[in-house]
Amino acid sequence: MDPLTLLAPIAVDNRGVLTRSQVLATGISPRALGDLVSRGSVARIARGVYAIGEPLPDPRRIAKDWYAAISFESAAAWWGVELPAPLSQIHLTVPRARGGLAEALPGVRLHRADLARTDVELVDGALVTTPLRTCLDIARHSPADQAVAVVDAFIRQHHFTDADFAAVARAARGPGRLRAQTVAGLVDPWSGCVLESLTRVLLWRSGLPVPVTQLSLKSRATGWVGFVDFAWPEVRAVLECDGYAYRNSRDPFRGDRRRWAAITSEGWRLAVVTWFDVTQDPAYVVSAVRRLLEVSAAAAA
């Protein structure tokens with residue numbers, strides 16, 4: 001049976017996401033899971049948390065047959081970084097001068113660009129655009145929230161720094177240059193996961209006050225010390241992102257509740273949003289954060 005057929009019902013029950021342990025419990029091996037991630041059929045949206053899509057062909061084989069480079073979101077998947085969503089098509093880049101491709105396949109998106117030698121690397125037997133070139137391509141053409149999530153993920157895995165990407169965006173020329181520079185301005189090296197990146201861009205688009213990310217807090221009552229996802233210290237408000245609705249053990253669930261109790265015990269007001277909220281009901285998130293800030297500001301006055 002196709003692995004995605006096994007995983008689909010689990011993902012539906014969990015509002016579109018599932019955990020690594022749930023994947024392995026179906027009999028899918030870690031190696032097979034890694035292959036699905038590299039193809040982009042499964043998106044790793046946080047450590048141990050996945051979203052699934054449709055089966056896609058092997059990009060390595062198609063790229064080799066067409067003398068093309070795996071690029072855009074397909075390259076990001078090949079590099080193994082977290083993606084905001086599974087891929088719906090394979091992205092390949094060929095030289096501008098190359099003629100039409102009679103062998104074009106459904107589900108394959110062809111891009112034309114004259115890539116320099118420094119723009120590509122051989123990774124696991126496939127020619128792939130480099131992390132910086134991959135992110136620049138995505139930043140030029142993809143929605144800002146999706147692009148920021150991918151760039152944040154590359155930075156999180158230490159492929160380059162936010163300053164490196166900002167420099168590449170400033171030097172960019174041609175279509176999409178201003179979009180890339182906007183993305184560079186929204187990138188945050190402290191972003192902990194895809195959900196945090198998507199949430200941060202949503203807050204920015206909605207004109208809400210810019211939060212402090214990964215603020216360190218300590219509970220005097222319990223001794224808990226940790227970081228919160230988003231904070232507005234001037235009004236003592238915190239927004240936390242709960243990465244997925246389903247917990248397959250009690251420890252993470254209990255740990256989050258104790259963490260949130262510690263935050264509120266220090267006089268901070270707290271709101272929590274989930275993957276479903278941010279991706280399926282952004283209006284709710286904006287309303288909840290706006291209300292959080294209003295109530296917190298009134299209390300602080």
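**A quick tour of the chain**

The chain exposes about 14,600 Å² (by the Shrake-Rupley method with a 1.4 Å probe), and carbon and sulfur atoms supply 54% of that area. What you're looking at is a predicted model, where local features need pLDDT of at least 70, side-chain atom pairs count only at pLDDT 80 or more, and totals for chains, interfaces and linings use all residues. Residues are numbered from 1 along each chain as its sequence is written, and side-chain values use heavy atoms, with hydrogens and water left out.

**Overall build**

- The chain has 13 helices and twelve strands; these are DSSP runs numbered from the N terminus, with helices (H or I) of at least four residues and strands (E) of at least two.
- The radius of gyration, taken over C-alpha atoms, is 21 Å, close to the 19 Å from the globule rule for 301 residues, so the chain is as compact as a globular protein of that length. That rule is 2.2 Å times the number of residues to the power 0.38.
- Along its principal axes, the C-alpha trace spans about 65 × 45 × 30 Å.
- Buried residues make up 50% of the 301; buried means under 20% relative accessible area, exposed means over 50%, and partly exposed is in between (1.4 Å probe, protein chains only).
- Take the contacts (heavy atoms within 4.5 Å) between residues at least 6 apart in sequence: 60% of them join residues at least 24 apart.

**Strand 10 and its partners**

- Six of the eight residues of strand 10 (residues 225–232) are buried, so the rest of the structure largely encloses this strand.
- Strand 9 (residues 212–218) runs antiparallel to strand 10, joined by six bridges; two strands count as paired if DSSP finds at least two bridges between them.
- Thr 213 has Phe 230 of strand 10 as its bridge partner.
- The hairpin of strands 9 and 10 has six residues between the strands, and Gly 223 there takes a positive phi near 85°.
- On to strand 11 (residues 237–242): it pairs with strand 10 over three bridges, again in the antiparallel sense.
- Trp 232 has Ala 237 of strand 11 as its bridge partner.

**Two residues with positive phi**

- Arg 236 sits in the loop between strand 10 and strand 11, a hairpin with four residues between its strands.
- Arg 236 isn't a glycine, yet its phi is near 55°; at 35% relative accessibility, Arg 236 is partly exposed.
- Phe 72, in helix 5 (residues 72–79), has a positive phi of about 50° and isn't a glycine either.
- Phe 72 is buried, at 6% relative accessible area.
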